[in-house]
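Dear colleague,

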Amino acid sequence: MDPRADRVVKTLTLLAAVIGCGGGMVNPPPPPPGTPALQRVGGSFSSPVYLTAPPGDTARLFVVEKGGRLRIVRHDTLLATPFLNLSGRVSTGSEQGLLSLAFHPQYATNGRLYVYYTNTAGDLRVVRYTVSADPNVADSLSGDTVLAVPHPGQSNHNGGLLLFGPDGKLYAGLGDGGGGGDPDTNAQNKHRLLGKLLRLDVDGASGYTIPSDNPFATDTSARPEIWAYGLRNPWRYSFDRQTGDLYLADVGQNAWEEVNVSSTASGRGKGVNYGWDVMEGLHCYPPPGTSCNQTGLTLPVLEYGHTGGACSITGGYVYRGTRVPSLVGHYLYADYCAGFVRSFRYVGGQATDRQDRTAQLDPQGSVSSFGEDARGELYVMTLGGELWRVVEVP
């Protein structure tokens, strides 16, 4: 347990006292040792939306702020100087902004990092930078645009996540372009990049090339960058660092949120059609009382409805750290509006052992993202500026 355990767990403070029927305070027994909990980390941030770390770097956390700054937390202390400041280059309306950061698997030797943002015109950009001679500062003049995708007039559904997969390729999740019901019919149109999960080889000197094993690499009926399609807004997805399985949370329209799992054994989502805008979750779209052709669609392993204030899923990770043994193998996710944190295990093609962890892991704010450090430990952040590490009650 971290020696700064005196800061562990706002949620425990909330559980420590409740109002009794007679008007006095009743102290319930404390949560048992091993219960998942939250520990505040690194001070206050400006609209944090993502966290990651370079491979093997166990000293630092890199936090993405929506307004355009990349911040470093070193040994739980927030450094004053941003790692990179793109504030003048990003648009920040609605779901826009600097949205994620990915370090190349060989970052220790090549110094390459990749950012995903919406530019001042609202279009999508993936740009490569390199670190400077100072390991805590990126070279702001080294920007090389890897991918530029025009975005329609809507400011929402930008996707926003970059991840290097277990195969060393760069995956980029793009939203359908915004508006209700995919008005531009992007998600099912394989000649367009919006509403897709892309897979790129970025190991060349500049830009990207198409991996030869991409599903449409030699198929003129689709863009060769596409790995999977039929997505509305894949705000957050992840690869299980132990199995390589792809967990993809797609934000729903008016009624249903979903989590899709594509196992390594089944191709990790290669060529998969996740169903939007034919389906919303497990239901034909638009409702009610409609039918649809589900042939060839891959349906989610879990969905939940817009009840209790729920409105938008924030996908997380399968926990593979060591701080909280009771969470190992569980995929954690949250709802941005309702604030709950839940989990399940993916076993035999199904979501099992479903648990509501709100009492332990609700940070009492809009969960903008989860994050994973180099050790596989998990973090939760709120758009209001707080960063929490998932730990356990000592």
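The notes that follow cover the cavities, one serine and the sheet beside that serine.

This is a predicted model, in which local features need pLDDT of at least 70 and side-chain atom pairs count only at pLDDT 80 or more, while totals for chains, interfaces and linings use all residues. Residues are numbered from 1 along each chain as its sequence is written, and side-chain values use heavy atoms, with hydrogens and water left out.

A search of the whole structure gives three cavities of 30 Å³ or more, a cavity being a set of points on a 1 Å grid over the protein atoms alone where a 1.4 Å probe fits but cannot get out. The largest has a volume of about 50 Å³, and its lining residues (those with an atom within 4 Å of a point) include Arg232, Asp250, Val251, Glu258 and Trp276.

Serine 312 lies in the loop between strand E22 (302-305) and strand E23 (313-314), where strands are DSSP runs of at least two residues, numbered from the N terminus. Serine 312 is buried, with a relative accessible area of 18% (buried means under 20%, with a 1.4 Å probe and protein chains only). Leaving aside neighbours within four places in sequence, its contacts (heavy atoms within 4.5 Å) are Val251, Glu257, Tyr304, Ala334, Asp335 and Tyr336.

E23 belongs to an open sheet of four strands, ordered E23-E24-E25-E26 with antiparallel pairing (strands pair if DSSP finds at least two bridges between them). E23 and strand E26 (350-356) are the edges, each with a single partner strand, so one side of each has no neighbour in the sheet. Two bridges join E23 to the antiparallel strand E24 (residues 331-335), and isoleucine 313 stands opposite aspartate 335 in E24.

With best wishes

Technical notes:
1 Å grid on protein atoms, 1.4 Å probe; cavity = no way out; pocket = protein on both sides within 12 Å on 5 of 7 lines; lining within 4 Å. Points joined across faces, edges and corners; volume = space filled by probe spheres on them. Buried < 20%, exposed > 50% of the residue type's maximum accessible area, 1.4 Å probe, protein only.
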